[in-house]
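Trainee: Could you walk me through a few features of this model, starting with how to read each one?
Mentor: Happy to; let's open it up together.

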Amino acid sequence: MSQQYYGQYPPTGGPPPPPGQAGQPHPGYQQPPPGASSYYPPGGSPAPGQPPYQQPPYSNYNTPPGQPPAGQYSQYPQGQPGQYQNQPYPPQQPPQGQYGQPPAQYGYPPNTYPGPNANPPAPVAYPPQQYGVPPPAPQWSQPQPHQPMQGYGYGVPPNPPSAGYDPAQRAFYAPVDTSADVEAIRKAMKGMGCDEAALIRVLTAPKYENPWAMRQLVQDYNKRFLRDLAKDIESETRSDLETALLALIRGPLESDVRTLIRSLDRAGTDEDALMDVLLCRSNADIQAISSEYRRIKGHELLADIKEDVDDTLFRLYSMVLSATRAEDMVPLNAVEIDQKVTELQRATEGTIGANAISVAQIFTSSNAAQIRALSETYQRKYHRSLKEVIEKEFRGDMEDALLYMLESAIDRARADARRLEKPLYRTPRKDQLFINRVVSLYWDRARLDAAKAAYQRYSSTRTSIRNAVRALLSGDYEDLMLALLRERK
C-alpha cells in the first residue's frame with residue numbers, strides 16, 4: 001500500500017480501500033455529517049482558487065495559547081476529481097486521554113483529527129525525548145521492512161537474568177554452612193590418590209544446587225586452605241571427570257564463558273558450543289556473558305567471533321550480542337506476525353538465493369512465542385513448514401543456527417532431549433559437548449526435568465537418559481553425570 005501520505009492528510013475522502021474491498025469504507029472511517037463533502041480544519045474551507053489551509057509551524061515552546069502543538073494539522077493535498085469522492089472520512093473528536101499517553105503496544109494509534117467545528121486542543125507538554133516528531137504513522141501506512149518486532153522490552157518487564165548471572169541475586173541468597181564440606185573436599189584430594197566419590201557426593205549435594213551456594217563453597221575452600229579449588233581438581237582428576245567437575249564449580253556464567261573461549265580459541269570453531277551458549281538466551285544473560293568474557297579475556301567477544309566464522313554467521317551473532325531480542329512478556333500481534341511471515345517467504349522461497357541476513361534479523365529479534373507463531377502462520381499461509389524451507393534454502397552453520405532457534409521455540413524440552421542424545425551417539429562420542437549441556441541443565445531444575453521426560457518419549461531408543469548414560473559411560477564419569485542429571489546410581 002502506498003506510503004506517500006505519511007505525515008500528510010490523504011486526499012479528500014480518506015485512504016484508498018484495501019484490495020478486495022472496493023466500495024467499502026476503510027476501518028475507522030465513517031460517512032460525514034449531512035452536507036459535509038470534504039474535511040478542513042477549523043476556519044472553514046478555502047475560498048475558490050485559494051491554496052489549502054496550512055497551519056503556521058509552531059513548536060512546543062512557542063505555541064500560542066489555545067493553539068495545537070506543531071504538526072497537529074499537517075498540510076494535505078487538494079482533493080482531485082474522481083479520487084475517492086464516494087468515501088469521505090468524517091470529522092472525529094480526539095479520544096479521551098489520547099494525548100500524553102504512550103502509544104498502544106502494537107500497531108498504530110487511532111486517528112485523532114478533530115472535526116471541522118471542534119475547538120482546537122490546548123498545547124500539551126510532551127515528555128522529553130518521547131513520542132516526538134514525526135508523529136505516528138496513520139493507520140493505512142505500512143511499516144518499514146527489516147525492522148525488529150516492536151520493542152524488545154517496550155512496555156513490558158524484561159526477563160530477569162538466569163540464576164548465577166547477576167551479582168545482585170546474591171543479596172537474596174541465604175548463606176549455608178560449608179565448614180564440614182570444605183574439610184571433606186580437602187581430605188578427598190589430600191595425600192596419595194583422590195577420593196572421586198567423595199568429591200562427587202559433596203559437590204552435587206542439594207545444598208549447592210544454587211549457583212551462589214556453589215560460589216560460597218569454592219570461596220570458603222580457597223580462604224580456609226589458601227588454595228585454589230579449581231587447580232586442585234585439575235591436579236587430582238583426569239579426563240572427562242575433571243572437565244565436568246571444573247564446569248560445575250565455576251557456576252553457569254563462568255562455565256559459559258570458558259566454553260566460548262574453548263570453542264573460539266583453537267583451529268576450527270566449535271559451532272555447537274557457540275550455539276548452546278549464545279542462541280535463545282535472554283537479553284540479560286547475553287549482556288552478562290559479554291561482560292564476563294570481557295573480564296576474563298580482556299577484549300570483546302564479538303571480535304573473537306568475527307575471526308572464526310564467515311561473514312553471514314558473524315552478522316547473525318552480532319544481532320544476538322546486541323541483546324535486542326523481544327522479551328518473553330511482549331504479547332503476540334497477529335498483523336505483525338503475518339507481515340514477518342511475508343518477509344520470510346520473500347527472503348527464502350520468493351527470491352533466487354535466500355536473504356540470510358533478513359531471516360536472521362527476524363529470528364534473533366523474536367522471542368520463543370513469536371517464532372512459534374511465525375512457524376504456525378507460515379504453514380497455514382503457504383502450506384509448507386518453515387523448517388522444510390530453512391533446510392531447503394540454507395546450508396551449513398547458518399542452517400544449523402536457524403533450526404536451533406526454530407526447534408527451541410516450537411518445543412524446548414524436545415530440543416533439549418535431542419541435544420543430550422546427539423553427542424552420546426556420535427562416533428567418536430562428543431563428551432565435552434555432552435558435559436556442557438548436562439551442566440547447563442543442572443542449574444535449571446524445571447528445564448532438566450522437562451528434558452528428561454522428553455528424552456524418554458522422543459529419543460531414538462525410546463529409553464531414559466539414565467539408561468543411556470549407564471550403557472554408554474562408565475566409572476566416576478558415569479556417576480557424576482547421573483548425579484548432575486539427578487538420577488540415582
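Mentor: Let's begin with a term: a salt bridge is a side-chain nitrogen of Lys or Arg within 4 Å of a carboxyl oxygen of Asp or Glu. Keep in mind that this is a predicted model, where local features need pLDDT of at least 70, side-chain atom pairs count only at pLDDT 80 or more, and totals for chains, interfaces and linings use all residues. Residues are numbered from 1 along each chain as its sequence is written, and side-chain values use heavy atoms, with hydrogens and water left out.

Trainee: How many salt bridges does the structure hold?

Mentor: There are 23 salt bridges. One of them pairs D276 with R437, whose closest N and O atoms are 2.6 Å apart.

Trainee: Which helices do D276 and R437 lie in?

Mentor: Helices here are DSSP runs of H or I with at least four residues, numbered from the N terminus. D276 sits in helix 6 (residues 271–278) and R437 in helix 16 (residues 431–442), so the pair ties together parts that are 161 residues apart in sequence.

Trainee: Is D276 buried or exposed?

Mentor: Buried means under 20% relative accessible area, exposed means over 50%, and partly exposed is in between (1.4 Å probe, protein chains only). D276 has a relative accessible area of 19%, so D276 is buried. R437, at 10%, counts as buried too.

Trainee: What joins D449 and R445?

Mentor: Their side chains meet in a salt bridge, at 3.6 Å from N to O. Both residues lie in helix 17 (residues 445–458), four residues apart, about one turn of the helix. D449 is partly exposed at 34%, and R445 is partly exposed at 43%. Elsewhere, salt bridges that share partners join D256, R281 and D285 into one network.

Trainee: What should I know about the backbone?

Mentor: Most residues other than glycine have a negative phi, and most peptide bonds are trans. Here, the peptide bond from T427 to P428 is cis, with omega near 0°. P428 is in the loop between helix 15 (412–424) and helix 16.

Trainee: Which residue has a positive phi of about 55° although it is not a glycine?

Mentor: A323 does. A323 belongs to the loop between helix 9 (311–321) and helix 10 (334–347), and is buried at 6% relative accessible area. R486 also has a positive phi, near 55°. R486 is found in the segment after helix 19 (475–484), and is partly exposed at 22%.

Notes
Helix = DSSP H or I, 4+ residues; strand = E, 2+ residues; numbered from the N terminus.
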